[in-house]
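User: I would like to go through this model and ask what stands behind each term used for it. Please set the values against the cut-offs as we go.

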Amino acid sequence: MAAIIDAKGKACPMPVLMAKKEIDGGSDAFTVEVDNETAVRNLEKLAQSQGFSAAVSQGEGVYSVSFCRSGEAPAVRQAPAVPAAGGNWALFVGHDIIGDGDRELGTNLIRMFFYTLAQGDDLPKAILFMNGGVKLPALDDQVAEHLKVLEGRGCEIYVCGTCLNFFGIADQLKVGSVSNMYDISKQMLDAAKVITL
Amino acid sequence: MDYALIVFANTHYAMTAQKTLGGKLPVVIMPTLREISKSCGISVRVAEGDWQAASQILRESGMDHTMYQIYSVQGKDGVNTVALLEG
């Protein structure tokens, strides 16, 4: 009988880590129970990346995500439709401003940074937002517009779900995918270089 | 003209103008183009059809008219052509 992993009440990224542990242990079929949609989406992403199918059923406040090894090779991340002109690099954004001298100046600097990035040719493969950085794709209209341009040009945008929840702005995210430490750290480790703001 | 760009004598005027115009017109903060050298690094971009309204709002706010200029910007093949509209 397929194992059932109880990840209800577990904060991001624990459900994904628990599922990954089951996969690494050689399991071909198991079910993870969680209590929020973000965890469901992250588990679906994990399944796709590991060569599993994921079927979701919903009960009373509980989502059951059933993993089943599909027999296909783990998904290789597809190249973006419009290839990024730049190399394999990632941008990590841990603040909603650039620098620490003056908040208003820092806000303008980061808006100009993303404007310039969106207009340029050397694009990151991934842009990763954590801690105060998540306020940019959620609350800053100007930066969100630049991020939409970048996403349209093939950049992958990952936004920390734990951080969005902490600031109470998860429902205001305008661009990017709600993500977790598992995905974000993988993007950092896979990149040839990481630029941190 | 692709858009109009308001450039400022210093950063403080740029940030004040952004606050003054924001909410009244769609504005985008962007770095001052290399083709425009005599200003601070922060510029305010407005749509082609909004520059006269922006000019009026700044005038009515009491901002010193000598502290900013408005340019038209036309981009082609990565080269920007700028022309002074006001200031």
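User: What makes Asn131(A) count as partly exposed?

Analyst: The model is a predicted one, and the term rests on a count of neighbours in it. Asn131(A) has 15 C-beta neighbours inside 10 Å. A residue is buried at 20 or more and exposed at 12 or fewer, with partly exposed in between. The count of 15 falls between these limits, so Asn131(A) is partly exposed.

User: Where is Asn131(A) in chain A, and what is its phi?

Analyst: Asn131(A) sits in the loop that joins strand 6 to helix 4 (135-139) of chain A. Its phi is positive, about 45°, although Asn131(A) is not a glycine. Most residues other than glycine have a negative phi.

User: Why does Phe129(A) count as buried, and which residues is it in contact with?

Analyst: Phe129(A), in strand 6 of chain A, has 29 C-beta neighbours inside 10 Å. The cut-off for buried is 20 or more, so Phe129(A) is buried. Apart from neighbours within four places in sequence, Phe129(A) is in contact with Val93(A), Val134(A), Leu136(A), Pro137(A), Tyr158(A), Val159(A) and Cys160(A).

User: Is Lys193(A) buried or exposed, and why?

Analyst: Lys193(A) has 11 C-beta neighbours inside 10 Å. Exposed means 12 or fewer, so Lys193(A) is exposed. Lys193(A) belongs to strand 9 (residues 193-196) of chain A. Its C-alpha atom is separated by 4.9 Å from that of Trp89(A), 104 residues apart along the chain.

User: How do you know that the buried residues of helix 7 of chain A line one face of the helix?

Analyst: The buried residues of helix 7 (residues 181-190) of chain A are Asp183(A), Ile184(A) and Gln187(A). Viewed down the helix axis, they fall within an arc of 95°, so they line one face. In an α-helix there are 3.6 residues a turn, so residues three or four places apart point the same way. The face turned away from the buried side of helix 7 of chain A carries the exposed residues Ser185(A) and Leu189(A). The cover over the buried residues of helix 7 of chain A includes helix 2 (37-50), strand 5 (89-93), strand 6 (126-129), strand 7 (156-160) and strand 8 (177-179) of chain A.

User: What puts the buried residues of helix 2 of chain B on the same side?

Analyst: Helix 2 (residues 51-60) of chain B has Trp51(B), Ala54(B) and Leu58(B) as its buried residues. Around the axis they cover an arc of only 55°, which puts them on the same side of helix 2 of chain B. Turned away from that side are the exposed residues Gln56(B), Arg59(B) and Glu60(B). The buried residues of helix 2 of chain B pack against strand 1 (3-8), helix 1 (11-21), strand 3 (42-47), strand 4 (68-76) and strand 5 (79-86) of chain B. After helix 2 of chain B comes Gly62(B), with a positive phi near 90°.

User: Why is helix 3 of chain A called roughly parallel to helix 5 of chain A?

Analyst: The two helices pack at an angle of about 20°, and their axes are 9 Å apart. Angles under 35 degrees count as roughly parallel, so the term applies to helix 3 and helix 5 of chain A. Their crossing is left-handed. Residues making the contact include Ile110(A) and Phe114(A) of helix 3 of chain A, and Val143(A) and Leu147(A) of helix 5 of chain A. By class, the contact has 9 nonpolar, 2 polar and 1 charged residues.

User: Which residues make up the contact between the two chains, by number and by class on the side of chain A?

Analyst: Chain A gives 8 residues and chain B gives 7 residues. On the side of chain A, the largest share, 7 residues, comes from helix 3 (residues 103-119) of chain A. That side divides into 3 nonpolar, 3 polar and 2 charged residues.

User: What share of each chain counts as buried?

Analyst: In chain A, 35% of the 197 residues count as buried; in chain B, 32% of the 87 residues do. Chain A has 7 helices and 9 strands, and chain B has 2 helices and 5 strands. The order along chain B is β-α-β-β-α-β-β.

Note on methods. Residues numbered from 1 in each chain as written. Chains lettered and ligands numbered in written order. Predicted model: local features only at pLDDT ≥ 70, side-chain atom pairs only at ≥ 80, totals over all residues. Helix = DSSP H or I, 4+ residues; strand = E, 2+ residues; numbered from the N terminus. Nonpolar A, V, L, I, M, F, W, Y, C, P; charged D, E, K, R; others polar. Arc of directions from axis to C-beta. Axes fitted to C-alpha atoms, helices over the stretch in contact; angles between N-to-C directions. Parallel < 35°, antiparallel > 145°, perpendicular 65-115°, else oblique. Left-handed = near helix turned anticlockwise from the far one by under 90°.
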